[in-house]
Amino acid sequence: MRNKILVTIGPASFNKQTITEMDAIGVYLFRINLSHTKLSDVTDVINSLRSWSDTPISLDTEGAQIRNEAMRNNEVEFCKGTLVNIHPGSIIGDSANISFTPKSVFCQLRVDDVINVDFNTVSLKVIEVHSDKIVSIVESGGIVGSNKATDINNSNIELDPITEKDRKAIKIGLDLGIKHFSLSFTNKASDVLLMREIIGAESQLISKIESIKGVLNLDEILPLVDQILIDRGDLSREVSIEKIPFIQRRIISKARSKDTPVFVATNLLESMIKKSTPTRAEVNDIASTLLMGANGLVLAAETAIGAHPVGAVKMTNALMTQFDRWTPDSSCREIIFN
C-alpha cells in the first residue's frame, strides 16, 4: 500500500492554486489544525477546501494542551529575573503579564511549579499564589509570541481531553459530512472512548501520541483507533530529544504488530519553511522513518506557513517514490539510474 501524505492547511496553502497543485501530486488528507483555526472560520475553511479538491479533510482537535494567549504585537520579550503576573482571565500579554488556556490551569498552579512556554523559550517559576493573580519569576528569558505550546512540571494538572471549542468544531464538521478526525494529546483509552462517542462509530479516528502518558498507554489505545500519529515535536517537550528516535521506532513497531497504520509528524522538512530544498539530514530522516515502517508522513509548518508548500509535498512524494522502488537487494547502480 502506497505511503500517504497528510498536509496541514494554513496561510501559505489556503488558496485554490496551491491546493490544486498539491492535490495533483497526491495527498491523503488535508488537515485543519483547530489549535490555529478560529471556530468562526471552520465552516468557510471546509467549504473552500471542498470547492477546490475532493481529497478528504481531517479536523485535528486542540485536545489536552496548554497554550499562552495573545501577546502584545504578537512578540513579547521576557527578561530573566523579572516578575510576571499570571491572570485567571484572558488578557493581552506583555513583559509583566500573561494568561493561559484552558482557564482551569490557573487554579491548579502551585508554588514552585515551572511553566515552560514555546519549547522552553521562556521559563516562569511560580513564587506566589493568590485568588486574583499568580506571581512568577522569569528563570529563563526570551521572546514569546501568541498561542504558543506550554508545559508545566506538575503531573497532577488535569486537562479535559476535548475542549469546548473542539466539541463545537466537531459538530460543524459532522454536519458538513467530515469523516476524519484526529484527537490531539491522546493520553489513555478513556480519551479515545469519549472522542468516539462524539464522532460516531463510522468516522475515522487518528489518535495523536505526543505525551509520555500516551506512549505508556499505547497498548490500550491501539485497539480503539483507526490510526495513530506520532507528533515528535510535542513529545519532545516531555522526553529528552535524544530519546525521540528510539521511541519512534518502538511505537512504529508496536503499531505495525497490531496492524494499526502509523503516521509521523514534526520537522520532516523544516528547512523548506524558508528554503526551496531540504537538508541531507532531513531526507535521510524521512527515508529512515519509512524504512522503520511508517505508513504516512505529516507536513505541518512546511505547508501551513512555509514558503514552499507545493515543493515540500513534491519532495515528500519523491522520497516515497524512491522508497517504493528500493529493496534490500537494490544495487547502487539500480538506485542511481532507476
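1. The second largest pocket of this predicted model has a volume of about 630 Å³. Its lining is made up of 25 residues, and of these Ile152, Asn154, Ile157, Lys213 and Glu238 lie nearest the centre of the pocket. Two or more lining residues come from each of strand E8 (114–117), strand E12 (149–152) and helix H5 (212–216), and E12 gives the most, with three residues.

2. Strands E8 and E12, which contribute to that lining, also belong to a barrel in which seven strands close in the order E4-E7-E6-E10-E9-E8-E12, with mixed pairing. On average, neighbouring strands of this sheet are turned by 35° against each other, direction ignored. As a general point, the strands of a sheet pair through backbone hydrogen bonds, in either the parallel or the antiparallel sense. The pairing of strand E4 (residues 66–68) with E12 is antiparallel and extends over two bridges, and Arg67 stands opposite Ala149 in E12.

3. Strand E9 (residues 122–129), another strand of the seven-stranded barrel, includes Val122. Is Val122 buried or exposed? Val122 counts as buried because its relative accessibility is 1%, which lies under the 20% cut-off. Leaving aside neighbours within four places in sequence, the residues in contact with Val122 are Phe78, Ile115, Asn116, Val117, Ser140, Gly141, Gly142, Ile143 and Val144. Lys80 is 42 residues away from Val122 along the chain, and the C-alpha atoms of these two residues are separated by 8.9 Å.

4. A polar atom of the Ser203 side chain lies 2.8 Å from the backbone oxygen of Ile199. Apart from neighbours within four places in sequence, Ser203 is in contact with Leu174, Lys179, Phe181, Arg196 and Asp226.

5. Rolling a probe the size of a water molecule over the atoms shows where empty space is left. The structure holds two cavities of 30 Å³ or more, and the largest cavity has a volume of about 50 Å³. Which residues line the largest cavity? The lining of the largest cavity consists of Ile86, His87, Pro88, Phe100, Pro102, Lys103, Val105 and Phe106.

Key:
Residues numbered from 1 in each chain as written. Predicted model: local features only at pLDDT ≥ 70, side-chain atom pairs only at ≥ 80, totals over all residues. Heavy atoms only, no water. Polar contact = N/O pair within 3.5 Å; in protein donor to acceptor, adjacent residues only side chain to side chain. Contact = heavy atoms within 4.5 Å. 1 Å grid on protein atoms, 1.4 Å probe; cavity = no way out; pocket = protein on both sides within 12 Å on 5 of 7 lines; lining within 4 Å. Points joined across faces, edges and corners; volume = space filled by probe spheres on them. Helix = DSSP H or I, 4+ residues; strand = E, 2+ residues; numbered from the N terminus. Buried < 20%, exposed > 50% of the residue type's maximum accessible area, 1.4 Å probe, protein only. Pairing = 2+ DSSP bridges. Axes fitted to C-alpha atoms, helices over the stretch in contact; angles between N-to-C directions.
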